[in-house]
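Please look over the sequence and the fold below before reading on.

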Amino acid sequence: MLSIGTIVMGATDVRRATEFWSRALSYVPRDGEVKDDWVVLVPTDGSGVGLALGRSATPVQEHPRIHLDLYAGDAADQEAEVARLISLGAERVDWDLYPDDADFIVLADPEGNRFCVIDTSHG
């Protein structure tokens, strides 16, 4: 039986990306070590999907084929989390594909990687 163990994202500056995602998700380096070209971040309790960051020179995709969805409990929680993530260095993305009744807000991490914050209470 397979399961997802780690999601891998590219970064031009692995240490900068590590700082953002560690604070955004309350994750820690799996081995307590951050290398210039690679790190695997895991939840502090050790359970759940990891996030690996590897050095990449590939440009960020405007409409990425794969991205992270971060779940918030409701609209108020979503807005609070978006504000918190922006304070950590994320930026709002002027997303041209929002549907009229969007339950998500598109952000980019300091490396430009796109991700969404989802209002899970949205009908």
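A nonpolar core is here a set of buried Ala, Val, Leu, Ile, Met, Phe, Trp, Tyr and Cys residues joined through side-chain atoms within 4.5 Å, where buried means under 20% relative accessible area with a 1.4 Å probe and protein chains only. This is a predicted model, in which local features need pLDDT of at least 70, side-chain atom pairs count only at pLDDT 80 or more, and totals for chains, interfaces and linings use all residues. Residues are numbered from 1 along each chain as its sequence is written, and side-chain values use heavy atoms, with hydrogens and water left out.

The largest nonpolar core has 23 residues, and those with the most contacts inside it, contact meaning heavy atoms within 4.5 Å, include Phe20, Trp21 and Leu53. Helix 1 gives the most to this core, with 5 residues; helices (H or I, at least four residues) and strands (E, at least two) are DSSP runs, numbered from the N terminus. Apart from this core lies another, of 7 residues, among them Trp95 and Phe104.

Strand 4 is mostly covered, since 5 of its 6 residues are buried.

| Strands | Sense | Bridges |
|---|---|---|
| Strand 1 and strand 4 | parallel | 6 bridges |
| Strand 3 and strand 4 | antiparallel | 4 bridges |

Glycine 54 in strand 4 stands opposite glycine 10 and also opposite tryptophan 38. In the hairpin of strand 3 and strand 4, with 6 residues between the strands, glycine 46 takes a positive phi near 85°.

Methods:
Buried < 20%, exposed > 50% of the residue type's maximum accessible area, 1.4 Å probe, protein only. Pairing = 2+ DSSP bridges.
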